[in-house]
Amino acid sequence: MNTATKLSGFALGLAVVFGATYGVGRVADPVAPPAEAPHEAGGGHGEDGGAGHGGDNGAAAHLPGGLLVSDRGYTLRPVDAPAGQFAFQVTGPDGRAVTAYDVAHDKRMHLIVARRDLSGFRHVHPEMAPDGTWRVDSPLAGPGVWRAFADFTPTGGEALTLGVDVTVPGALTGRPLPAPATSTTVDGYTVTLAGAPEPGRTAELTLTVSRAGAPVTDLEPYLGAYGHLVALRQGDLAYLHVHPHGEPGDGRTRPGPEVSFSAEMPSAGAYRLYLDFKHGGVVRTAEFTVVAGSPTAPGVPAATSSPTAGTPAATSSPTTGADHGVPGHGHD
């Protein structure tokens, strides 16, 4: 990675507590093997020559995705890249770069990045070289500490989401998390949210897409569905890849205006939802803040009322678009 985009040299703040379970990841520099602190309860992971942790899944099996640099013997390693690019490898239990991946949601690798204050979000699909190095135009759109999530399934293994912090130097003014709302706009589209997440329980979330007051009934398939939803928890940025109901071509799932998902928030608190949907050949991202549990919990922003007829909906926070930094650009 170029000097303008380098890994932070401090503990990455991956700590998350669920009962007595505690997981921590840390990266020292761009090329050194990331190290994961042992779990204090629920069984630790055995060392594997610095290439990650394998064998005992222990407490990690109960953590949401993206909180660990290493899990089940696999490790996410950013590597050197030319200016304007982002590159990384995933090493396996043998310490070598993984080169065999299963296709999931139409891709072998999903790279999601979000700024730590959740003011930025990008979802891109890198290309892999024969040596197992994944490369993509850099999705890190400005200064700050970003969390990079690699969402993948190694052939013969389980689906995993690994995460690492990446720092882009420069002046940055942090943005507060937008207040919870049930409607947002992006690029002339209005997306409304129905359903309330509950901590520790599966909730049904339905997002409805309209444009100029008319329902959009011809959404286009994207990543094997009519919508793709990611949820990130405020604070530690626990990553939740939410599953849609139905799929295009199954004879029962309509191409809009509604897209429904089953989501389970692992704990009370504020979450940011990112819905990718495709229409007119372009992928757009609608964003919401939602709260699981008490809306008055510390750190949760005050809610805003849903727009009434004739009142403009809240606008998504400017996260520089879903793909390459320009709102409305399509995904790879």
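Rings of Phe, Tyr and Trp, the last taken by its six-membered ring, pair if their centres lie within 6.5 Å. The views below are of a predicted model.

**View 1. An aromatic cluster formed by Tyr-101, Trp-134 and Phe-152.** These residues make up one cluster of aromatic side chains. Across the whole structure, a search finds six aromatic pairs.

**View 2. The tilted aromatic pair of Phe-86 and Phe-88.** The ring centres of Phe-86 and Phe-88 are 6.0 Å apart, and 45 degrees separate their planes. Both Phe-86 and Phe-88 are buried.

**View 3. The edge-to-face pair of Tyr-189 and Phe-277.** With centres 5.6 Å apart, the rings of Tyr-189 and Phe-277 have their planes at 70 degrees, so the arrangement is edge-to-face. The pair links distant parts of the chain, 88 residues apart: Tyr-189 belongs to strand β16 (residues 189-194) and Phe-277 to strand β22 (residues 269-279). Tyr-189 is buried, as is Phe-277.

**View 4. An open, antiparallel sheet of four strands.** The strand order is β10-β9-β13-β14. Because β10 (121-124) and β14 (160-168) stand at the edges with a single partner strand each, one side of each is left without a neighbour in the sheet. On average, neighbouring strands of this sheet are turned by 20 degrees against each other, direction ignored.

**View 5. The antiparallel pairing of strands β13 and β14.** Nine bridges join β13 (residues 144-152) to β14. Within this region, Asp-151 has Thr-161 of β14 as its bridge partner.

How values were computed:
Residues are numbered from 1 along each chain as its sequence is written. This is a predicted model: local features need pLDDT of at least 70, side-chain atom pairs count only at pLDDT 80 or more; totals for chains, interfaces and linings use all residues. Side-chain values use heavy atoms; hydrogens and water are left out. Rings of Phe, Tyr and Trp (its six-membered ring) pair if their centres lie within 6.5 Å; planes under 30 degrees apart count as stacked, over 60 as edge-to-face and the rest as tilted. Buried means under 20% relative accessible area, exposed over 50%, partly exposed in between (1.4 Å probe, protein chains only). Helices (H or I, at least four residues) and strands (E, at least two) are DSSP runs, numbered from the N terminus. Two strands pair if DSSP finds at least two bridges between them. Axes are lines fitted to C-alpha atoms, for helices over the stretch in contact, and angles run from 0 to 180 degrees between N-to-C directions.
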